[in-house]
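The structure is shown first.

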Amino acid sequence: MAPSPRIRWKPDTALSTIHAAYAVAVGATCTDEKLELALVPYATQINERLLSSSLDMHRFWNNLVAESIHRDAVSKACEAALIAAGCSELQVDQTSRGIVRQLDECRIVVRDRFPRLSDQLELRSRPLKERWDTVGRGLLNQIAKQIWGDSPPKNWWPPSVDGLWVQPVRGGDGGFAADSEDAKVPAIWIEAMLTDVEPSVPEVVRVAWLMTRVAIEQHIAEKSLTSKPGDSTFGRPLSLLSAWAFASVPLVLRAAAELDLTRPDALPIANATRLWRLSDAGIAGDVVTQWWDKLQTQPVPLPVALKSLSQAIEENQLIPPPADPI
């Protein structure tokens, strides 16, 4: 059995600010109305600056969250996000300075709203952390079996992962960074929810799903690096990345059902797909459920099944276009 990784949990106040600003900037539902109203002016100014520079706003915010996971300096994360959004290197420095000033205003807003945020995150995270300590290792073992049978690779799970707690602003959310040039270990982040929003999809299962996404992306990256032009597998792992993202939902839920963490008779695939924010398309959960049900009644090797899921994702346009920020 592949050794389970150790998660090094810690509160992240800086990422909490970026996450909250992101939610407001892209017009996502925010559960804290006072915080949302206080952040709107600064998020709007950032969006206006991005728009005036003809930059992809949604790509900027997505990359800002991702880049902030492993970078201590907001300025460096901002510069990397701007380049990803299409900013020329000649304009990055000036554009970044203006945006960082607005992000600092966001930090002050969050600080004023939560004066003891780090301590609060430690307290809020305790129930979920304790539950993970109880079931996490068994859950990851079951997930590895779902994917690999009785012989998962020894290096399937990374040896250690940073687990970052952020202030809840979306009623449950999370993400991950599988690798980074600036970090030696991958990381996941998750809103420190005190209770499960949906009992059929416990937050502890979201943690397992994020860990699985990290393992999958690292495995695919390794396979893509080792294949060469002319090989029958060249380019294939990366082409199935989206399919793996959706397929991981029922695979993780099946493992959770084995441990009585969710219902075994009807996996809550649609609920999980929605709660884990895989796609804005309402049909996404139904598509994945139909794919999974067919796989159970007409079993085929998982790589073959992933190809059919990839086709269904493309046909139903489950990967949404960037949302329009406010």
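## Salt bridges and a helix contact

Arg131 has a relative accessibility of 34%, so it counts as partly exposed. The model is a predicted one. Arg131 forms a salt bridge with Asp196, and the closest N and O atoms of the two are 3.6 Å apart. This pair links distant parts of the chain: Arg131 sits in helix α6 (residues 117-148), Asp196 in the loop between β4 (187-191) and α7 (203-226), and 65 residues separate them. Asp196 is likewise partly exposed, because its relative accessibility is 29%, a value between the 20% and 50% limits.

The count of salt bridges comes to 14.

| Asp196 | Arg131 | 3.6 Å |

Asp119 is partly exposed at 39% relative accessibility.

Arg213 and Glu217 both belong to helix α7, where they are 4 residues apart, so about one helical turn separates them. Arg213 is buried, with a relative accessible area of 12%, while Glu217 is partly exposed at 23%.

A further group is a network of salt bridges that links Arg170, Asp173 and Arg277. Where in the chain does Asp173 lie? Asp173 is in the loop between β2 (160-166) and β3 (174-177). Its relative accessibility is 5%, and Asp173 therefore counts as buried, the cut-off being under 20%. The side chains of Asp173 and Arg170 make a polar contact of 3.2 Å. With neighbours within four places in sequence left aside, Asp173 is in contact with His19, Trp189, Ile190, Glu191, Arg206 and Arg277.

The last topic is a helix pair. How do helices α1 and α2 lie relative to each other? The axes of α1 (residues 13-25) and α2 (residues 33-52) come within 8 Å and cross at roughly 75 degrees. Angles of 65 to 115 degrees count as roughly perpendicular, so α1 and α2 are roughly perpendicular to each other. On the α1 side the contact is made by Ala20, Ala21, Val24 and Ala25, and these meet Leu35, Glu36, Leu39, Val40, Ala43 and Asn47 of α2. The residues of this contact divide into 8 nonpolar, 1 polar and 1 charged.

Technical notes:
Residues are numbered from 1 along each chain as its sequence is written. This is a predicted model: local features need pLDDT of at least 70, side-chain atom pairs count only at pLDDT 80 or more; totals for chains, interfaces and linings use all residues. Side-chain values use heavy atoms; hydrogens and water are left out. Axes are lines fitted to C-alpha atoms, for helices over the stretch in contact, and angles run from 0 to 180 degrees between N-to-C directions. Helices (H or I, at least four residues) and strands (E, at least two) are DSSP runs, numbered from the N terminus. Angles under 35 degrees count as roughly parallel, over 145 as roughly antiparallel, 65 to 115 as roughly perpendicular and the rest as oblique. Contact means heavy atoms within 4.5 Å. Ala, Val, Leu, Ile, Met, Phe, Trp, Tyr, Cys and Pro count as nonpolar, Asp, Glu, Lys and Arg as charged, and the others, Gly among them, as polar. Buried means under 20% relative accessible area, exposed over 50%, partly exposed in between (1.4 Å probe, protein chains only). A polar contact is a pair of N or O atoms within 3.5 Å; within protein, one must be able to donate a hydrogen and the other to accept it, and residues adjacent in sequence count only if both atoms are side-chain atoms. A salt bridge is a side-chain nitrogen of Lys or Arg within 4 Å of a carboxyl oxygen of Asp or Glu.
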